[in-house]
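Subject: Structure for your review

Dear colleague,

Please find below the structure that I am handing over to you. My findings follow it.

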Amino acid sequence: MSHRTTAEVIDRFNRAFTEHDASLLTDLIADDCVMEAIQPAPDGARYEGRTACLEFWQALADDRTTRFEPENIVIAGEHATVRWRYRFGDGPTDSVRGVNLTTVRNGLIVESLGYSKTTGDVPLAADGLDA
C-alpha cells in the first residue's frame, strides 16, 4: 500500500484552511491523533482521537471570516514545521503568527502541536525575581 508523503499530507492539510474546504481533511487524520490548540494559555486545549481533532479542524477550515496564511514550511522525514499567520480581521493588529509542529505516519497526521505569539506584555520577572 502506498502512503502519501509528509509533504503531500501537509500541503493538503494547509489547503483545507487556505481554500476553506474542510472536506480535504477527512482522510488525513489518524485514529489516535493528538492535537494541542494554541489557546487557552499556557498549554492550549488538547484534543485526542480522530473525531475530536477532525471536528476542531473542520470548524476552523469552514470559518470564512478568517484567513490562514502559511509563511514557511519545513519537512524533515515524518515531521513538519509550519510557520503561519492567522487573520481574523483586516486591521494591522487583527492577526496572530504561530507555528505548528506536526508528525505524519503512514500518510496520516498523528500529532499536531500549535504555538503562537502572544499579545500584550509578558512579564519578565515574577515575585520579585530577576528574569
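How many helices and strands does the secondary structure of the protein chain come to? The chain, which is a predicted model, has 2 helices and 6 strands. Read from the N terminus, these elements follow the order α-β-β-α-β-β-β-β. The protein chain has 131 residues, and 34% of them count as buried. Among contacts in the chain with a separation of 6 or more, 41% are between residues 24 or more positions apart.

The largest pocket

The largest pocket holds about 910 Å³ of space. Two or more residues of its lining come from each of α1 (6-18), β1 (29-36), α2 (50-62), β4 (79-87), β5 (95-105) and β6. The lining comprises 39 residues, and those nearest the centre of the pocket are Ala37, Ile38, Gln39, Trp84 and Ser116.

The cysteines

The structure has 0 disulfides. Cysteine 33 takes part in none, and the nearest cysteine sulfur to it, that of cysteine 53, lies 3.7 Å away.

Serine 112 belongs to strand β6 (residues 108-116). Its relative accessibility is 1%, so serine 112 counts as buried. The side chain of serine 112 forms a polar contact of 3.4 Å with the side chain of asparagine 100. Beyond its neighbours within four places in sequence, serine 112 is in contact with Val34, Met35, Glu36, Trp57, Asn100, Leu101 and Thr102.

Threonine 103 is found in strand β5 and is buried, its relative accessible area being 6%. The side chain of threonine 103 makes a polar contact with the side chain of histidine 79, at 3.4 Å. Apart from neighbours within four places in sequence, the contacts of threonine 103 are Glu78, His79, Leu108, Ile109, Val110 and Glu111.

Backbone features in the loops

Which residues are joined by a cis peptide bond with an omega of about -5°? They are glutamine 39 and proline 40. Glutamine 39 is also one of the residues that lie nearest the centre of the largest pocket. Another cis peptide bond, with omega about 5°, links alanine 41 to proline 42. Proline 40 is placed in the loop between β1 and β2 (46-48), and proline 42 is likewise in the loop between β1 and β2.

Histidine 20, although not a glycine, has a positive phi of about 55°. This residue lies in the loop between α1 and β1. Is histidine 20 buried or exposed? With a relative accessible area of 14%, histidine 20 is buried, because the limit for that class is under 20%. Asparagine 106, which is not a glycine either, has a positive phi of about 50°. Asparagine 106 sits in the loop between β5 and β6 and counts as exposed, at 57% relative accessibility.

With kind regards

Terms used:
Residues are numbered from 1 along each chain as its sequence is written. This is a predicted model: local features need pLDDT of at least 70, side-chain atom pairs count only at pLDDT 80 or more; totals for chains, interfaces and linings use all residues. Side-chain values use heavy atoms; hydrogens and water are left out. Helices (H or I, at least four residues) and strands (E, at least two) are DSSP runs, numbered from the N terminus. Buried means under 20% relative accessible area, exposed over 50%, partly exposed in between (1.4 Å probe, protein chains only). A polar contact is a pair of N or O atoms within 3.5 Å; within protein, one must be able to donate a hydrogen and the other to accept it, and residues adjacent in sequence count only if both atoms are side-chain atoms. Contact means heavy atoms within 4.5 Å. A disulfide is a pair of cysteine sulfur atoms within 2.5 Å. On a 1 Å grid over the protein atoms alone, a cavity is a set of points where a 1.4 Å probe fits but cannot get out, and a pocket is an open set with protein on both sides within 12 Å along at least five of seven lines; lining residues have an atom within 4 Å of a point. Grid points are joined across faces, edges and corners, and a volume is the space filled by probe spheres set on the points.
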